[in-house]
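Student: Before we look, I have some questions about terms. I want each label set against its cut-off.
Tutor: Fine. Let us take the structure and go through it.

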Amino acid sequence: MIKKMTALSLVCIVSLFIFSACSNPKSPSNAEQFHDFRIVEEAISDELYGIAVRKEDTVLRDEIQNALNQAIKDGSAAKVAKKWFGKDTIYKPEYSTIQTDPNAKSDKDTIILGCDIDFAPMSFMDGDEIVGFDIDLAKLIIEKKMGKKLQVEPVIWADKEKELNKKQIDVLWNGLTITDQRMEEMCFTEPYMHNRQVIVVPKNSDIRTPEQMKDKRVAMQKESTAMDAFIDYDIPATVTELESNVDCLMELSQGLQDLVIMDSVVAEYYLSLTK
């Protein structure tokens with residue numbers, strides 16, 4: 001059976017991200033290659049992003065959560081969101097799902113953040129510098145609110161859990177969707193942003209609904225929740241998993257794929273830059 005999104009979930013999520021090219025302080029150099037794309041109106045899932053640490057690092061999680069709560073309360077988190085999205089996109093839970101220690105203080109002086117550097121606007125390369133919304137938000141929380149040093153390290157997204165558990169990094173802060181499986185493997189903060197999984201196609205494509213993915217060539221990022229969303233639809237198709245969303249969009253532009261399933265945050269950002 002094909003799973004349908006509820007009308008309520010679509011109403012809650014639709015129009016959350018209204019991107020404007022003039023509001024984005026930096027643009028990926030490859031954005032112009034994707035000007036002939038569009039997003040299929042009906043999303044295939046909605047999600048919430050969270051910040052994750054190792055399962056045992058509850059003290060660090062609590063310290064980050066306390067600092068994030070402070071940044072939300074004083075409006076500084078909203079300022080970061082407005083810089084990148086033109087509006088306050090910070091998700092604010094109706095009630096707390098985590099009981100943190102208000103005095104939590106990690107013994108780490110430097111926090112190593114792992115991220116995908118092809119995930120604009122959350123994190124991407126600008127020359128030799130890694131920039132993005134998540135990077136700016138992490139600087140606010142870790143450096144200004146927690147008083148620690150932030151070190152940003154690129155990771156292969158498919159290996160993110162391994163890098164975290166091997167202690168090569170301390171935190172995954174990069175548009176990481178909260179799922180039941182991931183919550184068993186990692187320790188999450190409360191969600192801080194909404195996201196949807198959407199379908200990106202060429203403008204002249206006849207694909208208008210998720211059901212029309214049947215028998216098409218579908219690309220998505222390895223170890224992303226795009227696969228979970230696709231599986232829920234139970235539609236036969238030829239699936240290719242690539243290292244990054246940008247790789248997927250490149251293959252779409254070259255005619256090697258019929259569609260890409262990816263985060264709306266990334267898709268809407270890239271398409272806004274080409275208008």
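Tutor: This is a predicted model. Start with His194, which lies in strand E10.

Student: Why is His194 called buried?
Tutor: Its relative accessibility is 17%. Buried means under 20%. His194 therefore counts as buried.

Student: How far is the C-alpha atom of His194 from that of Gly175?
Tutor: The two C-alpha atoms are separated by 9.4 Å. Along the chain, His194 and Gly175 are 19 residues apart.

Student: Which sense does the pairing of E10 and E13 have, parallel or antiparallel?
Tutor: Antiparallel, over four bridges. In one of them, Val200 has Val260 of E13 as its bridge partner.

Student: What makes E11 and E13 a pair?
Tutor: They share two bridges, in the parallel sense. A pair needs at least two. Here Ala219 has Val260 as its bridge partner in E13.

Student: What makes E13 mostly covered?
Tutor: Five of its five residues are buried.

Student: Now helix H7. Which of its residues are buried?
Tutor: H7 spans residues 226-233. The buried ones are Ala226, Met227, Ala229, Phe230 and Tyr233.

Student: How do you know that they are on the same side of H7?
Tutor: Around the axis they cover an arc of only 160 degrees, which puts them on the same side.

Student: What covers these buried residues of H7?
Tutor: The cover includes strands E2 (45-54), E10 (193-202), E11 (217-221), E12 (238-242) and E13 (259-263).

Student: What follows H7?
Tutor: Asp234 does, with a positive phi near 50 degrees.

Student: On to the aromatic rings. How many aromatic pairs are there?
Tutor: The structure holds four.

Student: Why is the pair of Phe124 and Tyr269 called tilted?
Tutor: The ring centres are 6.3 Å apart, and a pair needs them within 6.5 Å. The planes stand at 45 degrees. Under 30 would be stacked, and over 60 edge-to-face.

Student: Why is the pair of Tyr269 and Tyr270 called edge-to-face?
Tutor: Its planes stand at 85 degrees.

Student: Which residues form the aromatic cluster?
Tutor: Trp84, Phe124, Tyr269 and Tyr270 form one cluster.

Student: Which residues have the most contacts inside the largest nonpolar core?
Tutor: Ile64, Met122, Phe133, Leu137, Ile141, Trp173 and Tyr192. That core has 57 residues. A second, separate core of 16 residues includes Ile44, Ile199, Met227 and Ile235.

Student: What is Phe133 in contact with, leaving aside its neighbours within four places in sequence?
Tutor: Among its contacts are Trp84, Phe85, Met122 and Tyr192.

Student: Last, the whole chain. How many helices and strands does it have?
Tutor: Nine helices and 13 strands. Of its 275 residues, 53% count as buried.

Conventions: Residues numbered from 1 in each chain as written. Predicted model: local features only at pLDDT ≥ 70, side-chain atom pairs only at ≥ 80, totals over all residues. Heavy atoms only, no water. Buried < 20%, exposed > 50% of the residue type's maximum accessible area, 1.4 Å probe, protein only. Arc of directions from axis to C-beta. Contact = heavy atoms within 4.5 Å. Core = buried A, V, L, I, M, F, W, Y, C linked by side-chain atoms within 4.5 Å. Phe/Tyr/Trp six-rings, centres within 6.5 Å; stacked < 30°, edge-to-face > 60°.
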